Amino acid sequence: MTENTGISNNILDLVGNTPLIKLNNITKNLSGNFYAKYEGFNPGHSMKDRAALHIIEEAERQGLLNKDSTIIETTSGNTGFSIALISIIKGYKCMLAVNSKASSGKINMLKAMGAKVFVCPGHVDADDPRSYYEVAKRLHKETANSIYINQYFNQLNAEAYYNSLGPEIWKQTNGEITHVIAACGTGGTISGVSKYLKEQNPNIKTLGVDAFGSILKKFHETREFDQNEIYPYRIEGLGKNLIPSATDFDLIDVFEKVTDEAAAHRARELALTEGLFTGYTSGAVVQAAIQYAEKGYFDKNSKVVLILPDHGSRYMEKIYSDDWMKEQGFFDTQKQAHAEVEYIK
């Protein structure tokens, strides 16, 4: 940032330092004090800006990138957008293998940011040559002068959150945080944040969020990979059908699974009660917080930080679409809908 003017040199100067916002309504019947770390305030509208920028700048420090380089990554959408944004500013080409669970809106956003996008089937095994993991590996092998970010197996992923998100939460809560709740996909966020916070106070509890259809919760509890845990689910960026090495399971105290339907409704409720327009995984985090509270994890003195990963604008064709919600059967048990639209003729 230029000195004493408040003017940023470019949009990358705005990564991090996101707000911590007290939740007043959606958690009003729960014991404890709850705060949302709203990562949608990052310039790429998600916390993935932090990891993407850190990994790319580390590659630059190691001399792995030059003006003709191509950056390749596997993504459900958010990391890809962050990489595409950074590539624009730094002058790199960008190729992204995207899970088909990503909405068409997300894919169009990636294209708008100049990325070459490969949409891969979401419900195949991780080692299937059509999976977005294997497609990204193939693109890396076939593309000269390229690097593969590989966020699921890159220790710099967790390091990024250890260096930035963890210290921010500690400072914003004046060190009074008692619990942090975070979704687990690559595991970089929850691992990096937990490591930093537990170094400051080992009594802080790290509460993970997983999806039904994912293997992470059972692997955490048993250290066994159970193929029978895997089945299709709708939440993007949460859970996994493989074990990411970026996840340090020893730093996570417990996992709670949430359903696709509950997470979708909770995200919509968060918008209507707190004015926080967030993504599908944020709904999952709030739903998990409620489930943890119902199981007695908090008391009146608890100070609980919920990491809300991204902005809701990327989910207009999914959880914020009444038609999509109806197609999933999510209005069968709850008749929740947004305000009606009346067209004047």
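The model is predicted, and local features were taken at pLDDT of at least 70, side-chain atom pairs at pLDDT 80 or more, and totals for chains, interfaces and linings from all residues. Residues are numbered from 1 along each chain as its sequence is written, and side-chain values use heavy atoms, with hydrogens and water left out.

A cavity is a set of points where a 1.4 Å probe fits but cannot get out, whereas a pocket is an open set with protein on both sides within 12 Å along at least five of seven lines. Lining residues have an atom within 4 Å of a point. Grid points are joined across faces, edges and corners, and a volume is the space filled by probe spheres set on the points.

The largest pocket has a volume of about 350 Å³. Its lining consists of 24 residues, and K101, G122, H123, Y233 and N241 are the closest to the centre. Sorted by class, this lining holds 10 nonpolar, 10 polar and 4 charged residues. In this sorting Ala, Val, Leu, Ile, Met, Phe, Trp, Tyr, Cys and Pro count as nonpolar, Asp, Glu, Lys and Arg as charged, and the others, Gly among them, as polar.

For the second largest pocket the volume is about 190 Å³. There are 14 lining residues, and those closest to the centre of this pocket are D125, A126, D127, N241 and L242. The lining divides into 7 nonpolar, 3 polar and 4 charged residues. Helix α4 (residues 132-142) gives the largest share of this lining, 3 residues. Helices (H or I, at least four residues) and strands (E, at least two) are DSSP runs, numbered from the N terminus.

The whole structure contains 1 cavity of 30 Å³ or more. The space in the largest cavity amounts to about 230 Å³. Of the 22 residues that line the largest cavity, M47, K48, S76, N78 and G237 lie nearest its centre. By class, the lining comprises 6 nonpolar, 11 polar and 5 charged residues. S76 belongs to the loop between β3 (70-75) and α2. S76 counts as buried, at 19% relative accessibility; buried means under 20% relative accessible area, exposed over 50%, and partly exposed in between (1.4 Å probe, protein chains only). From S76 to F249 the separation is 173 residues in sequence and 22 Å in space, C-alpha to C-alpha.

Salt bridges (a side-chain nitrogen of Lys or Arg within 4 Å of a carboxyl oxygen of Asp or Glu) number 21 in the structure. One of them joins the side chains of R50 and E39 at 2.7 Å, N to O. R50 lies in helix α1 (residues 48-61) and E39 in the loop between β2 (33-38) and α1, so this pair ties together parts that are 11 residues apart in sequence. R50 is buried, at 4% relative accessible area, and E39 is buried at 0%.

A salt bridge is also formed by K198 and D253, with 2.9 Å between the closest N and O atoms. K198 is in helix α7 and D253 in the loop between α8 (216-222) and β9 (254-258), which places the partners 55 residues apart, in distant parts of the chain. K198 is buried, with a relative accessible area of 19%, whereas D253 is partly exposed at 34%.

A further salt bridge links the side chains of D226 and K218 at 2.5 Å, N to O. D226 is buried at 16% relative accessible area, and K218 is partly exposed at 28%. Shared partners join the salt bridges of K37, E39, R50 and E168 into one network.

Two residues other than glycine were noted for a positive phi. Phi of N145 is near 55 degrees; this residue is in the loop between α4 and β6 (146-148) and is partly exposed, with a relative accessible area of 34%. Phi of N150 is likewise near 55 degrees, and N150 lies in the loop between β6 and α5 (155-163).
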